[in-house]
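Here's a quick tour of the model below.

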Amino acid sequence: MGRTIAEKILAAHTSVENFSEGDIIKVDIDLALANDITAPVAIHAFRSKGFNTVNDPGKIVFVLDHFTPNKDIESAQQCKLVREFAKEHGIKGLFEGGEAGIEHALLPEKGLVVPGDLVIGADSHTCTYGALGAFSTGIGSTDFAAALVTSQAWLRVPESMKFTFKGELQKWVGGKDLILYLIGDIGVDGALYRVLEIDGPAIASLDMSNRLTMTNMAIEAGAKAGIIAADGVTEFYASQRSNRSYTVYRSDPDAHYVAVKEYDCSNIEPQIAFPHLPENTRGISEVGEILLDQVFIGSCTNGRIEDLRLAAHIMRNQKVSKGLRCIIIPATPGVYMEALKEGLLEIFMEAGAVIGPPTCGPCLGGHMGILADGEKALSTTNRNFVGRMGHPGSEVYLANPAVAAASAITGKISSPEEVFS
Amino acid sequence: MKFRGKAFTFGDDIDTDAIIPARYLNTWEASELAKHCMEDADPTFVSRMSPGDIIVGGKNFGCGSSREHAPIAIKASGISCVIASSFARIFYRNSFNMGLTIFELDEALEKIEDGDIVEVDASTGEIRNITRGNTYLSRPIPQFMQKLVSDGGLLEHIKKRGSI
Ligand code: SF4
């Protein structure tokens with residue numbers, strides 16, 4: 001029987017021959033990632049178990065992005081621990097200060113992941129890199145510690161599900177809406193332990209930024225990985241950023257899928273995920289009046305330059321609604337610089353938005369935009385769990401950057417059409 | 001190994017933000033994390049539970065973030081094991097890697113109610129609801145995971161065997 005992309009990448013990284021779905025195999029990794037929250041747990045475990053050698057420092061990346069610039073003394077201690085560990089073990093892949101951006105926006109931008117790679121990361125949104133035709137998956141801190149010691153990981157060979165998107169995209173619809181629609185359809189555990197393989201003519205026409213948004217949220221359906229086969233868009237993106245050789249894998253026509261689904265994009269309008277699960281999706285026309293206290297545009301889901309351009313397009317010569325806080329955070333220093341050069345930051349500031357330095361910040365309720373009891377926020381992030389952005393009594397709605405920008409202007413969840421008409 | 005304790009039930013899709021909210025992730029100290037275990041799902045949980053008690057969840061327990069702080073907080077709080085209909089995959093692997101005992105039991109929330117006394121035999125996967133007098137069998141644990149458990153977690157496993 002034929003194999004899926006996921007199986008082909010796993011086969012290229014393991015010595016186990018003829019594995020089947022459900023088997024647990026040992027794989028060699030190309031890259032292992034951890035951040036300022038998950039790395040300290042791993043370093044603590046590494047040291048307390050008496051290990052003292054990192055097998056391959058060149059395969060390790062630390063990004064200090066969650067609670068940085070250090071929000072308090074404890075966070076500063078955590079970053080210090082990681083910094084010292086990196087120095088001690090000759091790990092050059094440490095991104096902090098002016099080099100830090102949100103990890104899942106930063107790694108693709110820096111060309112650290114190429115098609116065909118096998119990447120693990122002690123952060124659940126490591127699945128983002130599947131947009132590059134790589135197999136990448138979130139793991140825990142102990143897994144990361146094991147990767148420090150062995151450059152390997154254990155993985156259960158996942159079944160794959162295939163989702164094909166056809167038809168023309170409606171106006172103001174992007175990767176965020178397609179993935180929210182999918183999650184709304186199959187639910188937050190609809191792809192548990194599985195790979196989401198995404199393809200179709202509508203995906204072929206998406207730029208890399210929109211594709212990264214889609215695979216970023218594979219975990220919100222419980223998936224182990226989201227994968228989009230590499231094509232010309234991917235190869236151009238990767239070759240612009242990396243000198244490493246790469247391998248393009250495609251699924252065989254007779255590969256096995258536990259489920260196959262098809263969506264017609266012409267039926268998909270901008271999507272809003274209601275509190276408190278990403279599966280609680282509704283089309284924008286079915287939302288009703290929801291007044292907002294805060295709008296956040298940023299994160300590894302929608303904090304790239306393409307997202308900011310879209311937001312600026314809507315916010316130009318407009319004002320943020322009185323009493324609403326609009327917080328915009330470019331995901332990486334590269335995005336920040338580009339937004340500066342293109343005049344986007346000026347548009348945002350003139351509209352009355354707050355611009356933060358690259359960080360996860362409010363996405364996980366860390367800092368720079370925490371919600372109070374009873375407050376409602378519209379956010380371009382990926383999760384709207386209870387208490388995700390602050391007080392357990394607050395509410396988070398998820399949407400694309402165009403809807404977020406329009407809503408910041410009207411003060412309630414709104415379609416961009418309302419601002420333009 | 002046998003566990004016996006009172007069941008504390010939670011619903012479906014209990015996420016890691018509910019198990020240990022991000023506002024407490026500026027530490028990796030297990031005892032600190034334990035103080036806030038399950039806080040955003042039930043703020044009274046830590047004050048009501050006793051060592052040995054058991055958490056019972058529905059489907060997709062531990063979804064969301066990869067934070068190992070979640071199983072660490074549960075284990076350090078004194079909870080002996082977690083039983084759920086299904087687990088989110090990163091939570092599942094984290095638990096085996098770091099040594100929190102978990103069991104998959106179909107329709108867990110129908111078989112065990114809040115406050116029931118439950119006894120679990122970790123070696124056979126047998127789950128006895130003492131209060132109701134029923135016995136169930138949890139889903140078998142893959143051989144590799146059993147090895148992880150008997151070796152004392154992933155890092156001990158590597159130390160003992162030289163590789164994963
Ligand atoms: S931006 Fe949000 S989802 Fe992305 S890595 Fe940071 S905390 Fe996680």
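## The largest pocket

In this predicted model, the largest pocket comes out at a volume of about 440 Å³. Its lining runs to 22 residues, and those nearest the centre are T101(B), A122(B), S123(B), I141(B) and V149(B).

Which elements supply at least two residues each of that lining? In chain B they are α5 (89–98), β4 (102–104) and α7 (143–151). Of these, α7(B) gives the most, with four residues.

## Where the chains meet

Now for the contact between the two chains. Chain B puts 42 residues into it, while chain A puts in 53 residues. The area buried between chain B and chain A is about 3,900 Å², and carbon and sulfur atoms give 62% of that. On the chain B side, W28(B), R89(B) and L155(B) lose the most area to chain A; together they account for 20% of what that side buries.

## A look at S209(A)

Over in chain A, S209(A) sits in helix α8, which covers residues 208–216. Is S209(A) buried or exposed? S209(A) has a relative accessible area of 4%, so this residue counts as buried, the cut-off being under 20%.

What does S209(A) touch, leaving aside residues up to four places away in sequence? The list is R304(A), E306(A) and D307(A). With E306(A) there is also a polar contact, side chain to side chain, at 3.4 Å.

Notes
Residues numbered from 1 in each chain as written. Chains lettered and ligands numbered in written order. Predicted model: local features only at pLDDT ≥ 70, side-chain atom pairs only at ≥ 80, totals over all residues. Heavy atoms only, no water. Buried < 20%, exposed > 50% of the residue type's maximum accessible area, 1.4 Å probe, protein only. Polar contact = N/O pair within 3.5 Å; in protein donor to acceptor, adjacent residues only side chain to side chain. Contact = heavy atoms within 4.5 Å. 1 Å grid on protein atoms, 1.4 Å probe; cavity = no way out; pocket = protein on both sides within 12 Å on 5 of 7 lines; lining within 4 Å. Points joined across faces, edges and corners; volume = space filled by probe spheres on them. Buried area = accessible area lost by both parts, 1.4 Å probe.
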